[in-house]
Amino acid sequence: MDASSSPARPKMPPRLPRSLPSSHSIASTFSPGSSTPGSWTVSPWNRDTPDTSPPSSDAGSPKLQAKQADDSGRISPVEGSLDGQPRFGVVRSVCFVGAGFVGGPTAAVIAYHNPQIQVNVVDLNEERIKSWNSAHLPIHEDGLLKVVRTARDGALNKTLVLPGLPRAIELKQRQPNLVFSTRVVDAIEEADIIFICVNTPTKTHGIGAGSMADVSAIESATRTVAKHAKEGAIIVEKSTVPCGTAQMIQDILRYYRPDVEFEVLSNPEFLAEGTAVENLMHPDRILIGSAQTLAGLRAAAVVKDVYGAWVPAARIVTVNTFSSELAKLVANTMLAQRISSVNAVSAMCEELGLGADVEDVSLAIGKDARLGSKFLQAGVGFGGSCFEKDILNLAYLARELHLDVVADYWLAVLRMNEDQRRRYARNVVRELNGSLRGKKIAILGFAFKDGTNDTRNSIAVHVIKDLAMEMPREIAIFDPGCASAEIREEVEKAGLTASQLERIKILTNWRDCVQEASAVCILTPWKQFRGRKLGSATSSNKKARKLAADWATSCVADKADISEMDILALEELVRDKSSATTGDDPLERLAPLAPCPEECSHCRIGSAEAHDQEPVDWAEVAGMMQEPRWVFDGRNVVNRLELQSLGFRVRGIGKGF
Ligand code: NAD
């Protein structure tokens, strides 16, 4: 589809409320002496042994010869198929390779807003695919099940007569267009666009272990893509990758399919776990990097058009491929840098001992329009699968470029983060008279942030490890959103001794967790831990709901084609006018969920392991703990004065009093 022939996009409704370092890393090798981007050496490895990594993958990554890369960021000057004009067909089928935290939700939202496009999400992990096809999604995100159900199972036709609308509105039946499967090859063969969303963890062995990105999953997925993609398919790297990976992908494609020109784009994902659906529905920006050639720009226009179904054009940024790859790493590093900066301030507030409060400092500096108020909340530090790995990746690149000061600058963000969580654990031990022997410590929150069930590289596991070294009687962990088995798996990876491990208990409710504890450590800012003011919509949510409802009454009734964005606004209208709780499907248009098979392990585990969602009753906790009752609020979520009035000793982050 040509960008210039794109249909005009509908006016967008207002935002809806949330209801819901070695010496070789990066860019691959150009032919020695070649000045033409794209004419790099064809790798001489044997085509008959397809699973052998290409030579560019020394130590798991493409080689860095960044200085040789073309300044414009061009990857491959692909000239077109017709009269020198590249052509791409109408997008009918899209494939996502990798059904993880990024692939699954992103595919679901693209399918949701593009009912005319078949979206296939494929993964090698059968269990994960089974979950995506059930009522128990592998990822817990507000609003995700509804989006998945709408696209995966379809929606019923419906005549809506709603208060405030001048006429009845007909919602057409929606056919399913989202399929999760393990049929990787079939989905790739069919696809007009292939998004590669596989994991890119930090290398754990060999050259660059502990700092360099392991792109072996990208290589492996690309080999499958190279062998099976149809001519004209656009290959999109969505995973977060070292700068230059698009060239490695192009290299592999050219090796397996020397007679076919593929366009390789970069389209990094900026969603944040915990708010993934909201971020995907209302992205700050969609970034598309392409070769600055006619073919590259046309391919970027095709992908832009897919997002254009719901994202305003002004929010879709197109740049060259390398800028796009680099921007993703820089974005995560700078977000983490802000957290480390405010955490550095928190340490100063605490040590000054003059009553300075980091929350006051954040409030004051956040009013400066140049700084803004977001990401200024001090805490026990950042965790998760992305920030640390992406900082290491960026610093590794800087080191490879002999920019040691730059590398050290970025790595200081990580050093600060580590110091913050160590300082927290030290404070717990110090306040408990320097020893945890015979004491029980309650950990509230294990997920690396609230709103997600992702336990990867959570701060909690590091803090628990430090506390376990003190040999307490017990460390009890409760998280309202994470599966016990996943918490246990992460804890078991922490390198604790058998005797330390056997003192760690994972519980499914906060009462058992805090019972007889000497201290409660809050490590994830779940709203349940605040203990009050829960469940009610925030004022900004209410305002957004009202705006959406107004938009529905003023615009939607006059439209011939009702889009999913319009339907979301109609749902807000129903919520706005209804006093009752309306749930996920206020228009009652979703096809009923198929019942789970009798042997469904999720239902079995779910009924045996229903995680307590009840807000923590701090008055009750006061009666259950050992004296003196300590609360180490690593996320500044509790009301300190209220807890002090209940007899707690409260130590927050960055509170110099
Ligand atoms: P994930 O581990 O949750 O999912 C990756 C999936 O890819 C796994 O299910 C795995 O089985 C599958 N996979 C691996 N190789 C495959 C192959 N050859 N064929 C088919 N499937 C294959 O990872 P994620 O969190 O979704 O992250 C994916 C990428 O997105 C990473 O590069 C990450 O840095 C980036 N990213 C993640 C987030 C986040 O919040 N998790 C946000 C933005 C970007």
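This is a predicted model: local features need pLDDT of at least 70, side-chain atom pairs count only at pLDDT 80 or more; totals for chains, interfaces and linings use all residues.
**Helix α9 and its ends**

I looked up α9 (residues 321-352) and noted that this helix has 32 residues and spans 47 Å between its first and last C-alpha, close to the 46 Å expected at 1.5 Å a residue. At the start of α9, I found a side-chain oxygen of N320 within 2.9 Å of the backbone nitrogen of F322. At the other end, just after α9, I read a positive phi of about 65° for G353.

**α9 against α10**

I then turned to α10 (residues 358-366), which packs with α9 at an angle of about 135°, the two axes lying 9 Å apart. I recorded the contact as made by V342, V345, S346 and C349 on the α9 side, and by V358, V361 and S362 on the α10 side. Sorted by class, this contact has 5 nonpolar and 2 polar residues, with no charged ones. The crossing of α9 and α10 is right-handed.

**α12 against α13**

For the second pair, I found that the axes of α12 (residues 404-431) and α13 (residues 459-468) come within 9 Å and cross at roughly 45°, which makes α12 oblique to α13. I noted that α12 passes α13 in a right-handed crossing. From α12 the contact takes in N417, R421, R422, Y424, A425, V428 and V429, while α13 supplies I459, H462, V463, D466 and L467. By class I have 7 nonpolar, 2 polar and 3 charged residues for the contact of α12 with α13.

Terms used: Residues are numbered from 1 along each chain as its sequence is written. Side-chain values use heavy atoms; hydrogens and water are left out. Helices (H or I, at least four residues) and strands (E, at least two) are DSSP runs, numbered from the N terminus. The expected span of a helix is 1.5 Å times one less than its number of residues. A polar contact is a pair of N or O atoms within 3.5 Å; within protein, one must be able to donate a hydrogen and the other to accept it, and residues adjacent in sequence count only if both atoms are side-chain atoms. Axes are lines fitted to C-alpha atoms, for helices over the stretch in contact, and angles run from 0 to 180 degrees between N-to-C directions. A crossing is left-handed if the near helix is turned anticlockwise from the far one by less than a right angle, and right-handed if clockwise. Contact means heavy atoms within 4.5 Å. Ala, Val, Leu, Ile, Met, Phe, Trp, Tyr, Cys and Pro count as nonpolar, Asp, Glu, Lys and Arg as charged, and the others, Gly among them, as polar. Angles under 35 degrees count as roughly parallel, over 145 as roughly antiparallel, 65 to 115 as roughly perpendicular and the rest as oblique.
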